[in-house]
Every structure is written in structure tokens, then in C-alpha cells.
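Please find below a colleague's note on the structure under review. The points are numbered so that each may be checked against the model.

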Amino acid sequence: MPVILDEEKCTSCKKCQKICPSNTLWLTDGRPVVVDPDRCWHCMACVKICPFNALSLTLPSNISLRKVEMLSWHDGKDVVFVIRENGKEIEKYRFQVICE
Ligand code: SF4
Ligand code: SF4
């Protein structure tokens, strides 16, 4: 499953379901589930939109041979990306989003 949920953080707000461009992330019993993993193209939209950092993503093997996860969230005008390996942060990036 490409998208990983931290159940304790999820408030069932449905923002991830609404933004999923491949229409494959649906709330089931109040929890987001990727119903067809083959249709998930790892766009990170659900991870970034979650206001509670409840979602992370396992990168596909054609991108990373190591089992790493990626988290992302908005922090003011920035978007932060964190890469974790075995639950430990190994890289962190911060980009400013400029909207005209
Ligand atoms: S990573 Fe993109 S395509 Fe995959 S479930 Fe999330 S929003 Fe949908
Ligand atoms: S956006 Fe986050 S809190 Fe809202 S339903 Fe999805 S995982 Fe849960």
C-alpha cells in the first residue's frame, strides 16, 4: 500500500479523498484507504493536504531501492518534505511556494 495512515492523527476530514487526482483514495469507516493501489501515482497530494500530518508515502521501488517513506506538510508559505528510513528522519527539504 503506497499511502500509510497514522490512525491516531486522522480526524476523517476527507480532504485527502477530495484532492486525490486518480480518484483512488476513499474514506472507508472514516479512514482513508487506497482502493486501487495500481492507480496511485505517488503524487503526494493527499500527504500534503492533510492538516494533521496523518499520511505518509512509501516511495515506489523504481524510485528508491531502499524502503523509505516521505512526509510532507505546509508550514506557512513553505512546503516541507521529510524522508524517513526505518522511521528515522534522514533528509529534510523546505521550499517556499510562490503564488502569483
Ligand atoms: S499519492 Fe496521489 S494518487 Fe496516490 S492516493 Fe495520494 S492523492 Fe491519490
Ligand atoms: S486529510 Fe488527513 S485527517 Fe483528513 S481524512 Fe485524510 S488522513 Fe484523515
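1. Provenance. This is a predicted model, in which local features need pLDDT of at least 70, side-chain atom pairs count only at pLDDT 80 or more, and totals for chains, interfaces and linings use all residues. Residues are numbered from 1 along each chain as its sequence is written, while chains are lettered from A and ligands numbered from 1 in the order in which they are written.

2. Confidence. The predictor's confidence in each residue is given as pLDDT, from 0 to 100. Its mean for the protein is 85, with 90% of the residues at 70 or more. Helix α1 (residues 15-19) has the highest confidence, at a mean of 95, and strand β5 (residues 68-75) the lowest, at 80.

3. Secondary structure. The protein has 2 helices and 7 strands, arranged along the sequence as β-α-β-β-α-β-β-β-β. These elements are DSSP runs numbered from the N terminus: helices are H or I of at least four residues, and strands are E of at least two.

4. Overall form. The radius of gyration of the protein is 13 Å, which agrees with the value near 13 Å for a compact globule of 100 residues; the radius is taken over C-alpha atoms, and the globule rule is 2.2 Å times the number of residues to the power 0.38. The C-alpha trace spans about 35 × 35 × 25 Å along its principal axes. Buried residues account for 15% of the 100 residues. A residue is buried if 20 or more other C-beta atoms, placed from the backbone, lie within 10 Å of its own, exposed if 12 or fewer, and partly exposed in between.

5. Core. The largest nonpolar core has 13 residues, and those touching the most other members are Val3, Cys16, Leu25, Cys46, Val47, Cys50 and Leu55. Helix α2 (45-49) and strand β4 (55-58) each supply at least two residues of this core. Such a core is a set of buried Ala, Val, Leu, Ile, Met, Phe, Trp, Tyr and Cys residues joined through C-beta atoms within 7 Å.

6. Strand β1. Val3 belongs to strand β1 (residues 3-5) and is buried, because 21 other C-beta atoms lie within 10 Å. Leu5, also placed in β1, is partly exposed, with 18 such atoms within 10 Å. Val3 and Leu25 are 22 residues apart in sequence and 9.2 Å apart, C-alpha to C-alpha.

7. Ligand shells. Ligand 1 is surrounded by 15 residues, of which Cys20, Cys40, Cys43, Ala45 and Cys46 are the closest. Ligand 2 is surrounded by 14, the closest being Cys10, Cys13, Lys15, Cys16 and Cys50. A residue is counted if its C-beta atom, placed from the backbone, lies within 6 Å of the molecule. The shell of ligand 1 comprises 12 nonpolar, 3 polar and no charged residues, and that of ligand 2 comprises 10 nonpolar, 2 polar and 2 charged. Here Ala, Val, Leu, Ile, Met, Phe, Trp, Tyr, Cys and Pro count as nonpolar, Asp, Glu, Lys and Arg as charged, and the others, Gly among them, as polar.

8. Backbone angles. Most residues other than glycine have a negative phi. Lys14, in the loop between β1 and α1, has a positive phi near 75 degrees. Asp29, in the loop between β2 (25-28) and β3 (31-34), has a positive phi of about 50 degrees. Lys14 is partly exposed, with 13 other C-beta atoms within 10 Å, whereas Asp29 is exposed, with 6.
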